[in-house]
Amino acid sequence: MHDDRFLDEAAVAALVQGRHGDPFALLGPHVTAAGTVIRAFLPGADAVSAINPNGEGLALLWRVHPDGLFEAFVPTPTPYRLRIDWHGVVQETEDPYAFPPLLGELDVYLLAAGRHRQIGACLGAQPMEVEGVVGARFAVWAPNARRVSVIGDFNAWDGRRNPMRIRIECGVWEIFIPRLGTGELYKYEILGADGTLTTHADPVARAAEAPPATASIVASAAPFAWSDGDWQAARRQRTEAAPLAIYEVHAPSWRRHEDGNPLSWEELSEQLIPYARDLGFTHLELMPVMLHPFGGSWGYQPLGQFVPTPELGPPEAFA
């Protein structure tokens, strides 16, 4: 237990300027000699208060820095939510900085060793429920960064609002954003080792905007309901001794509408499959379907290894 009623000015300056590499050291709940202090950095907010799970007021957070750092003391550690007044629009949400690290020890170990075989289920945006709260956990590998934040419509694309926690053992930054659902646009804002500030799409995103837009999208974690069980069961018997003729195709450019837009995955299933079958082909080989910004590359300039090219529709349609 320590008494941090008097915040270090350099640490506060680094936080409000978007330079602090350990935001969890200042934000969220902290036990001190004077009680539990709750801090929130919410640039642009008019007022902030802490409420209990029943919606009853616990404390009014005082503005301790003009750029939007608020704090309040409560007598004992207690579950709370933040009630935030954004110029007359009131938001109630759990505090992202009240949640513990979420990457498991095995994940951290395998990532550090370079032997994780399921990074699509570990990194990126993962919808989940934590301590009864539905939201999304973000995780990105950036071992040389000085600060990484997740940005999106949910925080006005302000990189100061949701800086992430560094898992120093493996170079991964993570944060859980409560009440964030599927379909939300996001990117990462990264302060590099040389002080350069850049924004990046998520390299492990499972959905993304269609080019030329570049944001990643929080994708559903629900498993896809496959309906090809009978076909799979008869596959070996049907193909073991049959001749093989493969039709190779770049899906977005195979056939287009009059306006120049590619066919959707549904339209391809209706037109491409009978076309190839009528020509005597037995199989389709799709050239890279991962997200790629330039159709002329035929998919050989992928940007998102886990994202079927969104020009043709959502991942569920591709499946």
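What follows is a chat about this structure.

Mentor: This is a predicted model, so local features need pLDDT of at least 70, side-chain atom pairs count only at pLDDT 80 or more, and totals for chains, interfaces and linings use all residues. Residues are numbered from 1 along each chain as its sequence is written, and side-chain values use heavy atoms, with hydrogens and water left out.

Trainee: OK. How many helices and strands does the protein chain have?
Mentor: Seven helices and 19 strands. These are DSSP runs numbered from the N terminus: helices are H or I with at least four residues, strands are E with at least two.

Trainee: And what does the C-alpha trace span?
Mentor: About 80 × 40 × 40 Å along its principal axes.

Trainee: How much of the chain is buried?
Mentor: 44% of the 319 residues. Buried means under 20% relative accessible area, exposed means over 50%, and partly exposed is in between (1.4 Å probe, protein chains only).

Trainee: Which residues have the most contacts inside the largest nonpolar core?
Mentor: Phe138, Val148, Val150, Met164, Ile175, Tyr186 and Tyr188. That core has 32 residues. A nonpolar core is a set of buried Ala, Val, Leu, Ile, Met, Phe, Trp, Tyr and Cys residues joined through side-chain atoms within 4.5 Å.

Trainee: Which elements give two or more residues to it?
Mentor: α1 (9-16), β9 (133-141), β10 (147-152), β12 (172-178) and β13 (185-191). α1 gives the most, with four residues. There is also a second, separate core of 15 residues, which includes Ile38, Ala40, Ala45 and Leu82.

Trainee: Back to Met164. What does Met164 touch?
Mentor: Leaving out residues up to four places away in sequence, its partners include Phe138, Val148, Val150, Ile175 and Tyr188. Pro23 and Phe24 are among them too. Contact here means heavy atoms within 4.5 Å.

Trainee: Let's do α1. Which of its residues are buried?
Mentor: Ala11, Val12, Ala14, Leu15 and Val16. The buried residues of α1 pack against β2, β4 (57-65) and β5 (69-74).

Trainee: What caps the N-terminal end of α1?
Mentor: Asp8 does, with a side-chain oxygen 3.2 Å from the backbone nitrogen of Ala10. Just after α1, Gly18 takes a positive phi of about 75°.

Trainee: Where is Leu27?
Mentor: In the loop between α1 and β1 (28-32). Leu27 counts as buried, at 2% relative accessibility. Leu27 and Ala40 are 13 residues apart in sequence, yet 5.6 Å apart in space, C-alpha to C-alpha.

Trainee: New topic: rings. How many aromatic pairs are there?
Mentor: The structure holds 10. Rings of Phe, Tyr and Trp (its six-membered ring) pair if their centres lie within 6.5 Å; planes under 30 degrees apart count as stacked, over 60 as edge-to-face and the rest as tilted. One of the pairs is Tyr186 with Tyr188, edge-to-face, at 5.9 Å centre to centre and 75° between the planes.

Trainee: Are those two tyrosines, Tyr186 and Tyr188, buried or exposed?
Mentor: Tyr186 and Tyr188 are both buried. Ring pairs also link them with Phe138 and Phe154 into a cluster.

Trainee: Which ring has Arg165 over its face?
Mentor: Phe24, with Arg165 at 3.6 Å from the ring centre. The charged end of Arg255 sits over the ring of Tyr275, 5.7 Å from its centre. The cut-offs are NZ of Lys or CZ of Arg within 6 Å of the ring centre and within 35 degrees of the ring normal.

Trainee: What about α6, how far does it reach?
Mentor: Helix α6 (residues 265-278) has 14 residues and reaches 19 Å from its first C-alpha to its last, close to the expected 20 Å. The expected span is 1.5 Å times one less than the number of residues. Trp265, Leu268, Leu272 and Ala276 are buried in α6.

Trainee: Last one. Where is His292?
Mentor: In the loop between β18 (290-291) and β19 (304-308). His292 counts as buried, at 2% relative accessibility.

Trainee: Which side chain joins His292 in a polar contact?
Mentor: That of His250, at 3.2 Å. A polar contact is a pair of N or O atoms within 3.5 Å; within protein, one must be able to donate a hydrogen and the other to accept it, and residues adjacent in sequence count only if both atoms are side-chain atoms.
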